[in-house]
Amino acid sequence: GVTMKKILLACAGFTLALSILWAGVATAANVRSGQSPHIMSNEVIDGTLYIAGNDLKMEGTVQGDLYCAGQNVEITGTVEGDILCAAQNITVNGTVLGDVRVAGQVLDIKGKVGGSASLVGQNVDVDSAATIARDVTVLSQQTNLGATIGRDVESLGSNFSATAKIGSDLDVTSPQVSLGNGAQASITTSRTG
């Protein structure tokens, strides 16, 4: 259907954006890399931050976008722009004023997102404490959605469960859909397979 195309296009765009960005990293002002790059909670990064390494922690404030790649990424600080990130495990538990676009094996979204979220992973968990102001697009084997979401949700994957409060439409393509008693939305589900 349309959703699949839309999501695959989003993924292709995501990968392309990431590769272009890393190409531009050499000239970027704020680059942190190494085994365990750590932005302390009192640090303020002026502009865009590029960060790469095995274990990343971003507890400070980025006055721009955050681009990251690594194995374990934990973002508990404030990002005034967008987050674009690829890692095995990603936790976003801070405040993001822009969009969040992340890809990885395990994605855990617990914070406040001012824009939209595009989440590509094996296990995607959007915590009930999370708020996403605009749209959410998920491509994942296992999706658990518990957040307050301002607009639409589109999800494609094997298992989908939600107790989310969704502002507009929920469009799920999945063989296994379970909606908890807190879930609110106008819902279209297409069961595949």
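Y50 is buried, and Y67 is buried too, where buried means under 20% relative accessible area, exposed over 50%, and partly exposed in between (1.4 Å probe, protein chains only). This is a predicted model in which local features need pLDDT of at least 70 and side-chain atom pairs count only at pLDDT 80 or more, while totals for chains, interfaces and linings use all residues. Residues are numbered from 1 along each chain as its sequence is written, and side-chain values use heavy atoms, with hydrogens and water left out.

The count of aromatic pairs comes to one, the rule being that rings of Phe, Tyr and Trp (its six-membered ring) pair if their centres lie within 6.5 Å, with planes under 30 degrees apart counted as stacked, over 60 as edge-to-face and the rest as tilted. Y50 and Y67 form this stacked pair, with 5.2 Å from centre to centre and 25° between the planes. The pair links distant parts of the chain, since Y50 lies in strand β4 (residues 49-58) and Y67 in strand β6 (residues 66-75), 17 residues apart; strands are DSSP runs (E, at least two residues) numbered from the N terminus.

The largest nonpolar core has 42 residues, and those with the most contacts inside it are I83, V102, L119, V126 and I149. Such a core is a set of buried Ala, Val, Leu, Ile, Met, Phe, Trp, Tyr and Cys residues joined through side-chain atoms within 4.5 Å. Strands that each supply at least two residues of this core include β4, β6, β10 (100-109) and β18, whereas the largest share, five residues, comes from β8. Leaving aside neighbours within four places in sequence, I83 is in contact (heavy atoms within 4.5 Å) with L66, I75, V92, V96, D99, V100, R101 and V102.

| Strand paired with β18 (residues 165-173) | Sense | Bridges |
|---|---|---|
| β15 (residues 148-149) | parallel | two |
| β16 (residues 153-156) | parallel | four |

Within these pairings, T148 has K165 of β18 as its bridge partner, and S155 stands opposite V172 in β18.

R134 is found in the loop between β13 (131-132) and β14, and R134 is partly exposed, with a relative accessible area of 41%. Leaving aside neighbours within four places in sequence, R134 is in contact with G114, G115, S116, I149, G150, R151 and D152. R134 and G167 are 33 residues apart in sequence, and their C-alpha atoms are 8.6 Å apart in space.

Notes:
Pairing = 2+ DSSP bridges.
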